[in-house]
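Dear colleague,

Please find below the sequence and structure that I am handing over to you. A summary of what was found follows them.

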Amino acid sequence: MKFTCDKSSLFREIAFAQEVIASKNALSIMSNVYLEASDSRLLIRATDVKVSFETSVPVSDVVPGSLTVFCDKLTGILSSLPDGDLTVEQDEGRVILKPAAKKVRFQLKTLSGEKYPELPRAEPELYFEIPARDFKKMVTQTIFSVSTDETRYFMNGVFMEKGPEGAIVMVSTDGRRLAYDKNEFGISIPDFRPVIIPTKVLGIINKRLSDEGMIAVAITDKSVFFRFNTYQISSVLIEGQFPNYQKVIPQNQTRSFTAKKSELMEALRRVSIFVEQKSNRTFFTLSGGSLVLSSEETEIGAAREEISCEYEGDDATIALNYRYIEEPLRVLDADTLCVEFSDPSRAITLRPEPRGDYFHIVMPMQID
């Protein structure tokens, strides 16, 4: 096998492959990336068994063939080279890399491409297309609220189902907070069973997905598949019963306040300097047209900041994990945040103002 390609194009995709690969054991083929040159394309594949990735880049001066090579070291080599043409050539049990711009030569041991596992495939008729921008937004709104507790594996991913009137709903929760997003695409969406998608594959996709074009999605009994641009990515689904999220969505919350997103984020950042790191507990005190954010006083000190807000109701103090407020604020696509609640000890709801199709629910902490 032999080919010449643009180093930057190859490096971008090999770095992507390295994100998929979990193992860094040089003796295992599961630590390798699969390369196959034919015609004027180089096929690139990577997998950790659960998540699989495939793409291609243009190449020239091709001698057809395939091989696998230790991805971690290949990534390191490519990152050290200047931009420009790169020649890659197979020589018996090794591959030789020679950049045009430098008098340097690297060689890496290879394993046969025939030993590389086959990647899973979905039947073409199972795919449906939705706008990439909307899918990316839904993932962004939900991925950070996923539980990391492996004993609650059924909450270690984002739940996705087909909602009423052809909408798609995504939900995530870690038991103390919940993120919800619904999108009515205005196009025909085929029926699919509710699934729990691991965060690893969603995070990988979100890094590469642009705001233009469409993303194709297919769901089978055990896997989910995505196609966009030159990428084909798949993941094993999480098995188990996702919690009945409808039961925890508060109804008839009678009190609310609104505040500017930028002011609240800046105040949170400053007050969090003195927040106790184990609990992250921050106090939100409402009185008239002001919101006071404060930390608990410790031997080191304390912080308190007052910002303006729109609130008409009895004075109230709510104790919240500041990260559970900060993270939704980062993805809020409005200048104003609305916080709804009925009692300081019960769940609060964070929404954009004006209202959108997404919201975040947070359980308060004990004040004492």
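**Findings**

Arginine 227 lies over the face of tyrosine 127, at 3.8 Å from the ring centre. In this analysis a charge sits over a ring if NZ of Lys or CZ of Arg is within 6 Å of the ring centre and within 35 degrees of the ring normal. The charged end of arginine 208 likewise sits over the ring of phenylalanine 16, 4.0 Å from its centre.

Please note that this is a predicted model, in which local features need pLDDT of at least 70 and side-chain atom pairs count only at pLDDT 80 or more, while totals for chains, interfaces and linings use all residues. Residues are numbered from 1 along each chain as its sequence is written, and side-chain values use heavy atoms, with hydrogens and water left out.

**The chain as a whole**

The protein chain has six helices and 26 strands; these are DSSP runs numbered from the N terminus, helices being H or I of at least four residues and strands E of at least two. Its C-alpha trace spans about 80 × 50 × 35 Å along the principal axes. Of the 368 residues, 52% are buried (under 20% relative accessible area, with exposed meaning over 50% and partly exposed in between, for a 1.4 Å probe and protein chains only). Among contacts with a separation of 6 or more, 66% are between residues 24 or more positions apart; a contact means heavy atoms within 4.5 Å.

**The sheet**

Nine strands form an open sheet with antiparallel pairing, in the order β14-β11-β12-β13-β26-β25-β24-β18-β22. Two strands pair if DSSP finds at least two bridges between them. Strands β14 and β22 (310-311) are the edges, each pairing on one side only. Strand β11 (residues 157-162) is joined to β14 by four bridges, and methionine 160 has valine 195 as its bridge partner in β14. Further along the order, five bridges join β24 (residues 336-341) to β25 (residues 348-353), with glutamate 340 opposite threonine 349 in β25.

In a regular strand the side chains alternate between the two faces of the sheet. In β14, Val195 and Ile197 point one way and Ile196 and Pro198 the other, and all are buried.

Is aspartate 181 buried or exposed? Aspartate 181 counts as buried because its relative accessibility is 0%. This residue belongs to strand β13 (residues 177-183). The side chains of aspartate 181 and lysine 137 are joined by a polar contact of 2.9 Å. Such a contact is a pair of N or O atoms within 3.5 Å; within protein, one must be able to donate a hydrogen and the other to accept it, and residues adjacent in sequence count only if both atoms are side-chain atoms. Leaving aside neighbours within four places in sequence, the contacts of aspartate 181 include Gln141, Ile168 and Asp357.

Histidine 360, in strand β26, is also buried, with a relative accessible area of 4%. The side chain of histidine 360 makes a polar contact of 2.9 Å with the side chain of glutamine 141.

**Aromatic pairs**

There are 13 aromatic pairs. Rings of Phe, Tyr and Trp (its six-membered ring) pair if their centres lie within 6.5 Å; planes under 30 degrees apart count as stacked, over 60 as edge-to-face and the rest as tilted. Phenylalanine 128 and phenylalanine 192 are stacked, because their ring centres are 5.6 Å apart and their planes are at 15°. Both phenylalanine 128 and phenylalanine 192 are buried. Another stacked pair is tyrosine 180 with phenylalanine 359, at 4.7 Å centre to centre and 10° between the planes. Tyrosine 180 lies in β13 and phenylalanine 359 in β26 (residues 358-362), so this pair ties together parts that are 179 residues apart in sequence. Ring pairs link Phe159, Tyr180, Phe242, Tyr245 and Phe359 into a cluster.

**Nonpolar cores**

A nonpolar core is a set of buried Ala, Val, Leu, Ile, Met, Phe, Trp, Tyr and Cys residues joined through side-chain atoms within 4.5 Å. The largest has 65 residues, of which Phe135 and Phe226 touch the most other members. Helix α1 (residues 7-20) supplies the largest share of this core, five residues. Apart from this core lies another of 30 residues, including Phe284 and Tyr311.

Yours sincerely
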